[in-house]
Protein chains: 2
Amino acid sequence: TPDFMSISPAEFFYRNRQMAGFGNPSVAVFSAVREMVENALDACEDARRAPVVRVDVHSLSHDRIEVTVADNGAGIPYEHVPEAFGRVLYGSKFATRQRRGTFGLGVSMAVLYGQITTDSPVIVHTRPPASTGRRYEILIDIEKNRPVVESVTDMLRPQEGTTVTVRLKGDLRNRDRIVQYLRLTSVGSPHARLGLTIDGSEVLDIGPATRVLPTPPVVTRPHPRAADLELLRRLVSTRPTTRLRDFLVSSFQQVGRQSVSRFVQFASLSPSRPVGTLSRDELAHLSDALQKYPGFGRPDASSLSPIGQEGFVRAVEQVFSASCVKYGARRPAEWHGNPFIVEGVVATGDSFPSSDVPQLYRFANRVPLLYDAGDDALQRTVKRIDWKRYGLGPDSRFAVFLHLCSTRIPYRAAGKQSVDTVPEIEAETTRLLRSLGRALSRVVERQARARHESRR
Amino acid sequence: TPDFMSISPAEFFYRNRQMAGFGNPSVAVFSAVREMVENALDACEDARRAPVVRVDVHSLSHDRIEVTVADNGAGIPYEHVPEAFGRVLYGSKFATRQRRGTFGLGVSMAVLYGQITTDSPVIVHTRPPASTGRRYEILIDIEKNRPVVESVTDMLRPQEGTTVTVRLKGDLRNRDRIVQYLRLTSVGSPHARLGLTIDGSEVLDIGPATRVLPTPPVVTRPHPRAADLELLRRLVSTRPTTRLRDFLVSSFQQVGRQSVSRFVQFASLSPSRPVGTLSRDELAHLSDALQKYPGFGRPDASSLSPIGQEGFVRAVEQVFSASCVKYGARRPAEWHGNPFIVEGVVATGDSFPSSDVPQLYRFANRVPLLYDAGDDALQRTVKRIDWKRYGLGPDSRFAVFLHLCSTRIPYRAAGKQSVDTVPEIEAETTRLLRSLGRALSRVVERQARARHESRR
Ligand SMILES: Nc1ncnc2c1ncn2[C@@H]1O[C@H](COP(=O)(O)OP(=O)(O)OP(=O)(O)O)[C@@H](O)[C@H]1O
Ligand SMILES: Nc1ncnc2c1ncn2[C@@H]1O[C@H](COP(=O)(O)OP(=O)(O)OP(=O)(O)O)[C@@H](O)[C@H]1O
Ligand SMILES: [Mg+2]
Ligand SMILES: [Mg+2]
């Protein structure tokens with residue numbers, strides 16, 4: 001008879017580490033850097049401080065790398081440090097507001113990979129508020145998905161924040177990607193200062209392009225279109241005696257006294273029913289109706305943190321020595337009830353390759369996506385635009401920087417490098433690209449006229 | 001202070017269901033069918049019977065579908081039924097031999113999706129050996145990742161095997177993909193008979209193309225190149241007093257008395273050390289040496305189940321009314337110590353589009369891959385071949401059927417539709433494609449001569 005068993009999520013990602021970006025030593029070094037930098041930036045925004053993030057990469061041998069990322073963020077509360085690093089699917093970013101992190105997996109994968117390739121524990125030196133600093137060495141028990149704390153020492157850290165060091169098998173063959181990742185990170189987070197040192201020499205010290213800190217995104221109530229049966233069941237179970245009308249107005253955003261009366265008519269449900277008394281069929285019907293009713297407003301965007309025109313344009317111009325033709329941002333929309341905004345910049349400059357299709361730089365929740373463009377929805381949307389009708393030709397040197405931000409990014413895989421196809425997102429992206437294209441065509445015309453003039 | 005928590009793997013895949021192929025209703029219907037058909041075929045091979053698998057798809061309404069898959073497989077032991085369907089990362093296919101299933105996730109995702117869109121439990125009617133049949137209705141408690149058994153009833157099932165029914169939000173806009181999936185499944189599993197009925201009308205009844213049943217793959221010892229530190233640590237912990245030489249010979253395949261003596265010299269380790277006394281540095285060194293030592297043989301292929309020439313060729317010719325130009329198979333190789341074989345067929349026929357690049361049909365562990373070709377390693381390897389040097393032109397009508405089978409497929413995402421880039425796999429695939437290309441060029445020449453003759 002077959003042998004049945006359960007595996008832990010750590011075991012799942014150990015066996016399938018390529019899904020999370022840790023399939024081989026050269027991509028693993030890149031993934032470790034980006035998972036740690038993402039965490040550093042999230043933490044600085046929690047602390048409401050201008051981020052200063054330093055990345056140090058050391059070659060310990062021809063195939064061993066040590067990566068250290070230090071930040072001036074909010075630190076990590078001591079009681080949560082072991083699990084934050086030594087447990088997969090454990091974290092502080094599960095609430096519905098825009099963060100770079102989302103799974104409780106990223107840095108634990110770097111720890112896991114470092115451990116199975118070099119036997120080294122992760123070293124975490126953190127100072128949260130109201131403390132002076134503590135240093136941990138942590139391994140992960142993969143079969144049980146729990147941390148093994150090798151050592152804990154009180155150790156002063158001069159400032160609040162965190163320093164994480166991981167040792168892993170790897171090499172610097174992807175070094176250009178790491179440099180590019182940090183340069184694009186300063187576009188996604190123009191308020192950050194980022195440093196990169198490789199084997200003792202300073203390779204980068206960039207940003208901030210703006211002193212303005214982003215307004216921290218806040219958790220908002222779900223939009224009605226997010227009401228699948230699981231969400232509904234959870235909301236109902238916390239307040240079964242609440243009447244349907246009050247339940248809807250208080251559980252969801254964009255549902256006011258007026259829209260709720262129209263909605264209950266549309267759904268043929270009695271507004272005074274205590275929601276705990278709804279049968280399973282009625283709940284299924286309610287879920288359906290909430291997703292189909294066309295009268296709910298666009299979502300509130302306070303759970304989002306778009307880059308915004310000033311920082312986006314300045315950072316692109318600084319990092320690429322380019323000139324921005326146009327910035328555009330769509331109004332907040334929702335996909336399956338998850339608020340999102342698509343914004344973008346089109347720029348021209350000699351650092352972009354000449355081509356009749358603009359070079360595309362993708363961002364999701366401010367994080368640059370450098371891999372897996374093949375099936376990525378943003379890439380495919382750019383390819384479907386007919387750029388020739390905006391005047392682009394083989395000598396054109398343009399780039400499009402596209403940022404999708406949402407309380408939930410539909411990533412195609414746990415490595416967070418590629419966005420899945422979602423009709424609402426594609427529609428908004430296409431409209432944005434067309435408006436950027438029209439702005440581009442005016443510039444292309446003007447450039448053509450200028451060349452014409454200069455020949456006469 | 002931030003709010004830390006753990007989420008269950010079911011919660012992870014509920015929030016990120018697009019990673020597993022359940023991101024929207026039309027892809028969900030496809031994914032439900034394929035996850036259930038994969039399970040049915042695995043089960044029939046367990047039972048050593050020629051598979052007879054019937055798929056029934058019913059439109060319950062304009063946006064509700066019921067999918068039923070019945071098989072004559074080995075059934076499911078009663079005590080494991082609730083968790084097999086109501087728990088994510090629970091299954092019987094974690095051992096290292098080639099199976100279609102691998103994560104303990106597939107059918108539980110169909111259950112989860114059906115439940116959050118329609119509130120319906122999965123219905124499982126199974127008859128394992130030494131029993132007469134039992135019917136279960138199961139839901140999944142997503143937050144706790146455990147089954148909720150709504151009902152269990154003894155109910156006779158005339159034959160050994162399993163029938164699974166799932167109800168989900170969906171539509172038949174992807175119906176052609178489902179038909180194509182089953183037709184290609186009969187190429188991957190030519191020994192199977194497959195039926196498809198949609199809304200009462202029989203759409204397909206195909207196979208078997210061969211009466212020969214595949215030899216069941218068996219679990220083999222790991223290859224030394226699989227020895228990362230986690231695997232080594234686990235092997236050592238079960239037998240710490242065993243001496244290094246005996247430990248290596250008995251723990252790994254391809255390590256005999258002679259090769260082990262040369263290896264311990266290469267690794268500068270004493271062959272008589274009890275492995276439990278090796279320090280962590282020595283274990284790290286041993287892991288490194290096992291992966292670098294060039295003297296271990298190619299892996300034993302008894303854990304694999306390639307389709308083989310007779311079945312592969314016949315099924316392609318039957319399903320596509322095509323004529324096979326050539327079948328090829330590479331010798332067993334390994335990637336990170338995982339045995340694999342690449343085999344393929346190149347065929348010509350009017351059902352293939354005319355193009356100077358052959359149409360590619362991909363298979364992994366006998367399962368057709370229909371989505372996510374953009375970043376897929378097999379697709380990219382085919383694109384890198386210069387088919388023009390084999391004589392293909394815009395009027396050529398050729399197709400390549402490529403099958404990668406391994407004890408571990410490096411899938412890019414949990415939806416199992418796309419294979420990650422692995423140098424060893426790409427190298428073997430490229431060599432196979434070139435040999436198929438050379439065979440193709442002889443056919444192209446002959447076809448060109450024939451056209452030339454007929455014009456004179
Ligand atoms: N530099 C840091 N400063 C503050 N907190 C951190 C830092 N690094 C990690 N953490 C904490 O550890 C948790 C786990 O990190 P991890 O990267 O594994 O998951 P995540 O960031 O929540 O999601 P994702 O898997 O998408 O990265 C985070 O949620 C955060 O609370
Ligand atoms: N039709 C079936 N006949 C026999 N056993 C089955 C059948 N369907 C499911 N099972 C059992 O249920 C387990 C869980 O199935 P599930 O599809 O979730 O995972 P899996 O097939 O092991 O891996 P994967 O996630 O890759 O599909 C299987 O491992 C198998 O033991
Ligand atoms: Mg993270
Ligand atoms: Mg399965």
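Good morning. I begin at ligand 2, where one of its oxygen atoms lies 2.7 Å from a backbone N or O atom of B:Gly106. That is a polar contact, meaning a pair of N or O atoms within 3.5 Å; within protein, one must be able to donate a hydrogen and the other to accept it, and residues adjacent in sequence count only if both atoms are side-chain atoms. Of the 590 Å² of accessible area that ligand 2 has on its own, the protein covers 97%. Such areas come from the Shrake-Rupley method with a 1.4 Å probe, and for residues only the protein chains shown count as cover.

Please keep in mind that this is a predicted model, in which local features need pLDDT of at least 70, side-chain atom pairs count only at pLDDT 80 or more, and totals for chains, interfaces and linings use all residues. Residues are numbered from 1 along each chain as its sequence is written, chains are lettered from A and ligands numbered from 1 in the order in which they are written, and side-chain values use heavy atoms, with hydrogens and water left out.

Where does ligand 2 lie? Ligand 2 sits between chains A and B. It is surrounded by 23 residues, B:Ser92 and B:Lys416 being among the closest; a residue counts as near if one of its heavy atoms lies within 4 Å. A polar side-chain atom of B:Ser92 is 2.6 Å from a ligand 2 oxygen, and the side chain of B:Glu35 brings an N or O atom to 3.4 Å from an oxygen of ligand 2.

Turning to ligand 1, residues from chains A and B surround it, so this site is shared between chains. A:Lys416 has a side-chain N or O atom 2.7 Å from an oxygen of ligand 1, while a nitrogen of ligand 1 is 2.9 Å from a side-chain N or O atom of A:Asp71.

A:Lys416 also forms a salt bridge with A:Glu35, at 3.1 Å from N to O; the term denotes a side-chain nitrogen of Lys or Arg within 4 Å of a carboxyl oxygen of Asp or Glu. A:Lys416 belongs to the loop between β16 (398-406) and α12 of chain A, and A:Glu35 to helix α2 (residues 25-46) of that chain, so the pair ties together parts 381 residues apart in sequence. Helices (H or I, at least four residues) and strands (E, at least two) are DSSP runs, numbered from the N terminus. Over all chains, the structure holds 88 salt bridges.
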